[in-house]
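Student: I have a structure to look at and would like to learn how to read it. Please take me through some features, giving the general idea before each case.

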Amino acid sequence: MRYAKRGRLRFTSHRDISRAVERAVRRAGIPVAFSAGFSPHPKISYAGAAPTGVASEAEYLEIGVTEPCDPGRLLADLDASLPPGLDVLDVVEARTAGFAERLEASVWELRLPGADVGSARSAVEKFLAAETVEVERLTKKGIRRFDAREAVLSLEETDRTAAQVPGQSCVILRMVVRHMTPAVRPDDVLAGLRHVADFAPPIPPEVIRLAQGPLDATGEPADPLDLDRDTTRGGDTGPAGEHGGG
(Lines give C-alpha, C1' and ligand atoms only; values in the text may rest on other atoms or scores of the structure.)
Protein backbone atom coordinates (compact mmCIF):
# COMPACT_ATOMS: atom_id res chain seq x y z
CA MET A 1 0.00 0.00 0.00
CA ARG A 2 1.21 3.48 -0.89
CA TYR A 3 0.05 6.34 1.29
CA ALA A 4 0.81 10.01 1.74
CA LYS A 5 1.77 11.95 4.87
CA ARG A 6 0.59 15.53 4.41
CA GLY A 7 0.00 18.78 6.26
CA ARG A 8 0.31 18.65 10.05
CA LEU A 9 0.63 14.86 9.93
CA ARG A 10 4.23 15.27 8.75
CA PHE A 11 5.11 16.16 12.36
CA THR A 12 3.60 12.91 13.66
CA SER A 13 6.06 10.27 14.85
CA HIS A 14 6.22 6.91 13.10
CA ARG A 15 4.93 5.23 16.26
CA ASP A 16 1.81 7.43 16.29
CA ILE A 17 1.25 6.84 12.59
CA SER A 18 1.43 3.07 13.10
CA ARG A 19 -1.12 3.36 15.92
CA ALA A 20 -3.42 5.39 13.68
CA VAL A 21 -3.13 2.77 10.94
CA GLU A 22 -3.94 -0.07 13.35
CA ARG A 23 -7.04 1.77 14.58
CA ALA A 24 -8.10 2.47 11.00
CA VAL A 25 -7.65 -1.18 10.04
CA ARG A 26 -9.99 -2.18 12.87
CA ARG A 27 -12.58 0.48 11.98
CA ALA A 28 -12.49 -0.51 8.30
CA GLY A 29 -13.13 -4.16 9.17
CA ILE A 30 -10.05 -5.42 7.31
CA PRO A 31 -9.38 -9.12 8.13
CA VAL A 32 -5.83 -8.47 9.31
CA ALA A 33 -3.65 -11.41 10.33
CA PHE A 34 -1.98 -11.48 13.76
CA SER A 35 1.36 -12.83 14.88
CA ALA A 36 1.54 -15.88 17.11
CA GLY A 37 2.85 -15.90 20.66
CA PHE A 38 1.98 -14.45 24.06
CA SER A 39 1.35 -10.92 22.75
CA PRO A 40 -0.13 -11.11 19.22
CA HIS A 41 0.08 -7.98 17.10
CA PRO A 42 -1.36 -7.17 13.65
CA LYS A 43 0.86 -8.08 10.72
CA ILE A 44 1.50 -4.60 9.41
CA SER A 45 5.04 -3.78 8.28
CA TYR A 46 6.48 -0.47 7.09
CA ALA A 47 9.24 0.10 4.55
CA GLY A 48 11.42 3.18 4.17
CA ALA A 49 9.43 5.51 6.42
CA ALA A 50 10.24 9.23 6.09
CA PRO A 51 11.64 11.07 9.13
CA THR A 52 9.37 13.00 11.50
CA GLY A 53 8.76 16.52 10.20
CA VAL A 54 9.00 15.47 6.56
CA ALA A 55 5.97 15.22 4.26
CA SER A 56 5.75 12.38 1.77
CA GLU A 57 3.75 11.25 -1.24
CA ALA A 58 5.41 7.83 -1.25
CA GLU A 59 5.18 5.94 2.04
CA TYR A 60 4.67 2.17 1.91
CA LEU A 61 3.35 -0.56 4.17
CA GLU A 62 2.27 -4.19 3.86
CA ILE A 63 -0.76 -5.70 5.58
CA GLY A 64 -1.07 -9.45 6.07
CA VAL A 65 -4.69 -10.57 5.74
CA THR A 66 -6.50 -13.83 6.51
CA GLU A 67 -8.70 -13.85 3.41
CA PRO A 68 -8.65 -12.34 -0.08
CA CYS A 69 -9.42 -8.61 -0.23
CA ASP A 70 -10.36 -6.47 -3.21
CA PRO A 71 -7.60 -3.81 -3.48
CA GLY A 72 -10.01 -1.06 -4.57
CA ARG A 73 -12.42 -1.73 -1.71
CA LEU A 74 -9.58 -1.93 0.81
CA LEU A 75 -8.21 1.41 -0.43
CA ALA A 76 -11.58 3.15 -0.06
CA ASP A 77 -12.42 1.66 3.34
CA LEU A 78 -9.00 2.28 4.88
CA ASP A 79 -8.68 5.79 3.47
CA ALA A 80 -12.08 6.72 4.93
CA SER A 81 -10.97 5.44 8.35
CA LEU A 82 -7.65 7.31 8.51
CA PRO A 83 -7.32 10.89 9.80
CA PRO A 84 -7.00 13.74 7.26
CA GLY A 85 -3.37 13.98 6.16
CA LEU A 86 -2.85 10.22 6.01
CA ASP A 87 -4.19 9.40 2.57
CA VAL A 88 -4.16 6.00 0.87
CA LEU A 89 -3.07 6.38 -2.75
CA ASP A 90 -2.62 2.86 -4.13
CA VAL A 91 -3.21 -0.74 -3.04
CA VAL A 92 -2.16 -3.94 -4.82
CA GLU A 93 -2.23 -7.60 -3.86
CA ALA A 94 1.29 -8.71 -2.88
CA ARG A 95 2.31 -11.53 -5.22
CA THR A 96 6.09 -11.42 -4.79
CA ALA A 97 8.37 -11.27 -1.76
CA GLY A 98 11.14 -8.83 -0.84
CA PHE A 99 9.25 -5.56 -1.20
CA ALA A 100 11.59 -3.54 1.01
CA GLU A 101 14.56 -4.39 -1.23
CA ARG A 102 12.86 -2.61 -4.13
CA LEU A 103 13.13 0.76 -2.41
CA GLU A 104 16.56 1.67 -3.76
CA ALA A 105 16.29 5.47 -3.90
CA SER A 106 14.08 8.46 -3.09
CA VAL A 107 13.22 11.72 -4.83
CA TRP A 108 13.18 14.65 -2.41
CA GLU A 109 12.06 18.24 -2.88
CA LEU A 110 13.35 20.95 -0.53
CA ARG A 111 11.74 24.38 -0.51
CA LEU A 112 13.99 27.05 0.95
CA PRO A 113 12.04 30.32 1.41
CA GLY A 114 14.25 33.39 1.65
CA ALA A 115 17.38 31.62 0.41
CA ASP A 116 19.61 33.38 -2.09
CA VAL A 117 19.28 31.84 -5.56
CA GLY A 118 22.84 32.52 -6.68
CA SER A 119 24.33 31.15 -3.47
CA ALA A 120 22.20 28.02 -3.74
CA ARG A 121 23.25 27.40 -7.35
CA SER A 122 26.92 27.85 -6.50
CA ALA A 123 26.63 25.51 -3.50
CA VAL A 124 24.98 22.82 -5.63
CA GLU A 125 27.76 23.05 -8.21
CA LYS A 126 30.46 22.72 -5.55
CA PHE A 127 28.69 19.80 -3.88
CA LEU A 128 28.37 17.86 -7.14
CA ALA A 129 31.98 18.60 -8.08
CA ALA A 130 33.30 17.17 -4.79
CA GLU A 131 34.37 13.53 -4.60
CA THR A 132 33.36 13.29 -0.95
CA VAL A 133 31.46 15.58 1.41
CA GLU A 134 31.76 14.48 5.01
CA VAL A 135 29.04 15.52 7.44
CA GLU A 136 28.24 14.74 11.06
CA ARG A 137 25.00 13.59 12.63
CA LEU A 138 24.12 13.06 16.28
CA THR A 139 22.86 9.50 16.79
CA LYS A 140 21.92 7.43 19.85
CA LYS A 141 25.51 6.20 19.88
CA GLY A 142 26.99 9.68 19.65
CA ILE A 143 28.36 11.74 16.76
CA ARG A 144 28.65 9.80 13.50
CA ARG A 145 30.69 11.06 10.55
CA PHE A 146 29.95 9.87 7.01
CA ASP A 147 30.04 10.85 3.32
CA ALA A 148 26.86 12.57 2.11
CA ARG A 149 28.04 12.90 -1.51
CA GLU A 150 28.18 9.24 -2.58
CA ALA A 151 24.44 8.64 -2.12
CA VAL A 152 23.33 11.71 -4.14
CA LEU A 153 22.64 10.63 -7.72
CA SER A 154 21.34 14.03 -8.83
CA LEU A 155 20.84 17.47 -7.29
CA GLU A 156 19.40 20.45 -9.10
CA GLU A 157 17.68 23.75 -8.59
CA THR A 158 14.21 23.68 -10.13
CA ASP A 159 11.46 26.19 -11.00
CA ARG A 160 10.83 28.57 -8.11
CA THR A 161 7.56 30.19 -9.24
CA ALA A 162 5.18 27.67 -7.65
CA ALA A 163 6.44 28.26 -4.13
CA GLN A 164 7.45 31.90 -4.44
CA VAL A 165 6.15 34.37 -1.87
CA PRO A 166 5.66 37.95 -3.14
CA GLY A 167 8.77 39.93 -2.35
CA GLN A 168 10.70 36.85 -1.20
CA SER A 169 12.89 34.42 -3.11
CA CYS A 170 12.30 30.70 -2.72
CA VAL A 171 14.88 28.18 -3.82
CA ILE A 172 13.62 24.69 -4.64
CA LEU A 173 16.12 21.84 -4.66
CA ARG A 174 15.26 18.46 -6.18
CA MET A 175 17.47 15.49 -5.42
CA VAL A 176 17.58 11.75 -6.05
CA VAL A 177 19.29 9.98 -3.16
CA ARG A 178 20.26 6.32 -3.13
CA HIS A 179 19.30 4.36 0.00
CA MET A 180 22.53 3.43 1.76
CA THR A 181 23.82 2.63 5.23
CA PRO A 182 23.92 4.98 7.00
CA ALA A 183 20.92 6.58 5.29
CA VAL A 184 21.63 9.99 3.78
CA ARG A 185 18.71 12.30 4.53
CA PRO A 186 17.85 15.70 3.03
CA ASP A 187 19.18 17.49 6.11
CA ASP A 188 22.52 15.69 5.58
CA VAL A 189 22.69 17.10 2.06
CA LEU A 190 21.95 20.58 3.43
CA ALA A 191 24.76 20.07 5.92
CA GLY A 192 26.97 19.15 2.98
CA LEU A 193 26.04 22.33 1.12
CA ARG A 194 26.93 24.30 4.22
CA HIS A 195 30.25 22.45 4.46
CA VAL A 196 31.38 23.00 0.85
CA ALA A 197 29.98 26.49 0.27
CA ASP A 198 28.83 27.93 3.61
CA PHE A 199 25.26 27.86 2.24
CA ALA A 200 22.45 27.67 4.80
CA PRO A 201 18.78 28.64 4.38
CA PRO A 202 17.59 31.43 6.70
CA ILE A 203 14.65 29.35 7.98
CA PRO A 204 14.07 25.57 8.24
CA PRO A 205 13.23 24.07 4.84
CA GLU A 206 9.98 22.42 3.79
CA VAL A 207 10.85 18.86 2.79
CA ILE A 208 8.70 16.38 0.89
CA ARG A 209 9.46 12.95 -0.53
CA LEU A 210 7.94 12.71 -4.00
CA ALA A 211 8.77 9.09 -4.81
CA GLN A 212 10.81 6.07 -3.81
CA GLY A 213 11.42 2.78 -5.55
CA PRO A 214 13.80 0.74 -7.71
CA LEU A 215 16.17 2.74 -9.90
CA ASP A 216 15.35 2.58 -13.61
CA ALA A 217 17.59 3.21 -16.63
CA THR A 218 17.15 6.97 -16.28
CA GLY A 219 18.45 7.02 -12.71
CA GLU A 220 15.00 7.82 -11.32
CA PRO A 221 12.94 5.66 -8.91
CA ALA A 222 10.26 3.58 -10.65
CA ASP A 223 6.95 2.48 -9.10
CA PRO A 224 7.79 -0.32 -6.63
CA LEU A 225 4.25 -1.72 -6.87
CA ASP A 226 4.53 -2.44 -10.61
CA LEU A 227 6.13 -5.85 -10.06
CA ASP A 228 3.04 -7.05 -8.17
CA ARG A 229 0.69 -5.27 -10.54
CA ASP A 230 2.21 -7.00 -13.59
CA THR A 231 2.44 -10.52 -12.16
CA THR A 232 -0.02 -12.98 -13.66
CA ARG A 233 -2.99 -13.58 -11.40
CA GLY A 234 -3.17 -16.89 -9.59
CA GLY A 235 0.45 -17.15 -8.52
CA ASP A 236 1.89 -17.44 -5.03
CA THR A 237 -0.45 -15.82 -2.50
CA GLY A 238 2.29 -14.82 -0.11
CA PRO A 239 4.56 -16.23 2.59
CA ALA A 240 3.48 -18.88 5.06
CA GLY A 241 0.37 -19.68 3.02
CA GLU A 242 -1.26 -16.31 3.70
CA HIS A 243 -3.00 -14.29 1.07
CA GLY A 244 -1.04 -11.17 0.08
CA GLY A 245 -2.09 -7.91 1.64
CA GLY A 246 -2.13 -4.40 0.35
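Student: Is C170 buried or exposed?

Tutor: Buried means under 20% relative accessible area, exposed means over 50%, and partly exposed is in between, with a 1.4 Å probe and protein chains only. C170 counts as buried because its relative accessibility is 1%. C69, in contrast, is partly exposed, with a relative accessible area of 25%. A disulfide is a pair of cysteine sulfur atoms within 2.5 Å, and by this rule the count is zero.

Student: What kind of model is this?

Tutor: It is a predicted model, in which local features need pLDDT of at least 70 and side-chain atom pairs count only at pLDDT 80 or more, while totals for chains, interfaces and linings use all residues. Residues are numbered from 1 along each chain as its sequence is written, and side-chain values use heavy atoms, with hydrogens and water left out.

Student: How many helices and strands does the protein chain have?

Tutor: Helices (H or I, at least four residues) and strands (E, at least two) are DSSP runs, numbered from the N terminus. The protein chain has five helices and ten strands. Of its 246 residues, 43% are buried.

Student: Which residues of helix 2 are buried?

Tutor: An α-helix has 3.6 residues a turn, so residues three or four places apart point the same way. In helix 2, which spans residues 71-81, the buried residues are L74, L78 and S81. They lie on the same side of helix 2 because they cover an arc of only 60° around the axis, the arc being that of the directions from the helix axis to the C-beta atoms. R73 and A80 are exposed on the other side of helix 2.

Student: What do the buried residues of helix 2 pack against?

Tutor: Contact means heavy atoms within 4.5 Å. The buried residues of helix 2 pack against helix 1 (14-28), strand 3 (55-63) and strand 4 (86-90).

Student: Where is L225, and what does L225 touch?

Tutor: L225 sits in the loop between strand 10 (206-213) and helix 5 (226-230). With a relative accessible area of 2%, L225 is buried. Not counting residues up to four places away in sequence, L225 touches R2, Y60, D90, V92, F99 and R102. L225 and V92 are 133 residues apart along the chain, and their C-alpha atoms are separated by 7.1 Å.

Student: Which side chain does R102 join in a polar contact?

Tutor: A polar contact is a pair of N or O atoms within 3.5 Å; within protein, one must be able to donate a hydrogen and the other to accept it, and residues adjacent in sequence count only if both atoms are side-chain atoms. The side chains of R102 and D228 are joined by such a contact, of 2.9 Å. R102 is in the loop between strand 4 and strand 5 (105-113), and counts as buried at 9% relative accessibility. A second case is R137 in strand 6 (residues 134-139), whose side chain makes a polar contact of 2.3 Å with the side chain of D188.

Student: How many aromatic pairs does the structure hold?

Tutor: Rings of Phe, Tyr and Trp (its six-membered ring) pair if their centres lie within 6.5 Å; planes under 30 degrees apart count as stacked, over 60 as edge-to-face and the rest as tilted. The structure holds one aromatic pair. Y60 and F99 form this tilted pair, with 5.5 Å centre to centre and 55° between the planes. Y60 is in strand 3 and F99 in the loop between strand 4 and strand 5, so the pair ties together parts that are 39 residues apart in sequence.
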